[in-house]
Amino acid sequence: MALIRLIFILLILRPIARFWTGADVFGRENLPTKGPAIIAANHNSHVDTLLLLTMFPARAVMRLRPAAAADYFLTDPVVGWFSRRLIGIVPIARDRAGTGEDILAPAREALAQGDIIIIFPEGTRGDARDRMGRLKNGVARLAEAFPDAPVAPVWLQGAGRVLPKGAHVPVPMNCTIHVGAPIAWPGDRARLMTALREALDALKAQAPPLRWREDDADGADGAG
Amino acid sequence: MSDVIAAALRFAEAVPAPLVWGLGAVLAMLTAGALAALVLPRLRPGVDHGDLRRRVNSWWVMAALLAAALLAGWRATLLLFAVISFLALREFLSLAPIRREDRLIVLLAYLTIPASYALLAADRYGLYLVFIPVWVFLAAPFLMACIGQIRGYLPTAALFHWAMMTCVYNLGFAAYLSRAPADHAPQAGGAGLVFFLLLATEANDVAQYVWGKLIGRRKIVPKVSPNKTWEGFIGGWATTAALIWFAGPLFTPLHGVGLAMVAALLPLAGFAGDVTMSAIKRDLGVKDTSALIPGHGGVLDRVDSLTFTAPLFFHLTVYFCFGETPWP
């Protein structure tokens, strides 16, 4: 199964991602290729996961585990099989957050095995205006448990136009991936979250203008 | 085994001699470039020559793809140009200021690529001429109106038409040259026409750059392209015009007034395509249209001159050599 997953990602997903989106990577040298490590990215589209899975060198692909919402991806048996076996997700039971249950346990387990966790700290897809939502601190709790694991900030630009939330047909559009310098565990969660947000904002500022044009009536950038 | 060798020999014999010499000359230039990329870092250590190396490596890949397509025949050439059109259009539409309700039109814009290239493959030149400039020109704005898209209606309709005209319609002419029958282009066949168009266009880009680097002082379009100079433009124009005047008769049926017209106008068209795309990039605030080709930028950065030179070369060649219409 592991081999099928490797073939699927390298020989099917990767050519599709390149052809459909270009998938230009900036700052590739910042990408951790050995686990345990955490990749923290912004989230606008299912295409985000596709881009992140296909940007790594072959030797790191087997280690990649995207953290994904169990309530969304594991309810349908077919989608569930695909998500678990081929995408290799670590399920996060978003709906049980705050019940006292440790919803990050599967992600911690994966990190303990030396995997690379891909996490979207916004917790859900944004509205494709490429405005970052509030970051949830699950990523900081994982980093606290594995202080030696680097946290690499990744800004994904353009995926929200290829397949926005609610759309079903992906439209070919260029996407760029900006990888920032890994953040070492700074000692407490709040400092990590601040560093992560600053790093993502800095990467966003470098990204080419691959976003929707909003007209002024929307007050698009007013809220910041 | 002997069948394979015999087939290979037949294939090699079928390739026109000028094309073989032309591709050989390109190979020699690429080798010189590769040597320069190897030697320069030794002569001038400390300066980063990574960009030169990436640039030369990318030239090898592009030349190999084009040579393979030209040798494989017109079907492969059309396919390669369809892919180039797709990549260029994807880059253009990704950078253009479009809105979320334009997604459907974006998808339809891509569909003009298989439609246009299918018309070229079927040799339906008359239909190709009117497909994007007339039918798509009428249909796309109507469709936008049907889906209730009225905000910024006219700029958006114009943007999509401009994108399809440059990236699909204009580049299609370069590919269609490969369908010229042997009796129309006895020098080196249709492949020779495509080869010569690409050679002249890229030589013009390189010559303008080199002359500008060597003696460039007076800026020609400072607001759009601050690196372009009068010296680069004139030096590039003279170099390319001479190349076309002397090498043109080897690859194309052009001669006399027609040849002189192509020699005089093709470098101008190349410059115009380059400056026009620079104006668009400057408007959008980007330097390159993508990072697909290491050392060069995006596909659109590489083919910007070609979007102007291809229709010019095609129509001048047809007018002066074949009469009012081409072959079908």
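In helix α9 of chain B, the buried residues include Gly232(B), Phe233(B), Trp237(B), Ile244(B) and Phe251(B), where buried means that 20 or more other C-beta atoms, placed from the backbone, lie within 10 Å of a residue's own. The model is predicted, with local features needing pLDDT of at least 70 and side-chain atom pairs counting only at pLDDT 80 or more, while totals for chains, interfaces and linings use all residues. Residues are numbered from 1 along each chain as its sequence is written, and chains are lettered from A in the order in which they are written.

Helices are DSSP runs of H or I with at least four residues, strands are runs of E with at least two, and both are numbered from the N terminus.

Chain A, for its part, has 9 helices and 7 strands. Its C-alpha trace spans about 50 × 40 × 35 Å along the principal axes, and buried residues make up 42% of its 224 residues.

Between the chains, 15 residues of chain A are in contact with 21 residues of chain B, contact meaning that C-beta atoms, placed from the backbone, lie within 7 Å. Within chain A, Ile39(A) touches Leu52(A), Ile116(A), Ile118(A), Ile119(A), Ala152(A) and Val154(A), when residues up to four places away in sequence are not counted.

Terms used: Contact = placed C-beta atoms within 7 Å. Buried ≥ 20, exposed ≤ 12 C-beta atoms within 10 Å, placed from the backbone.
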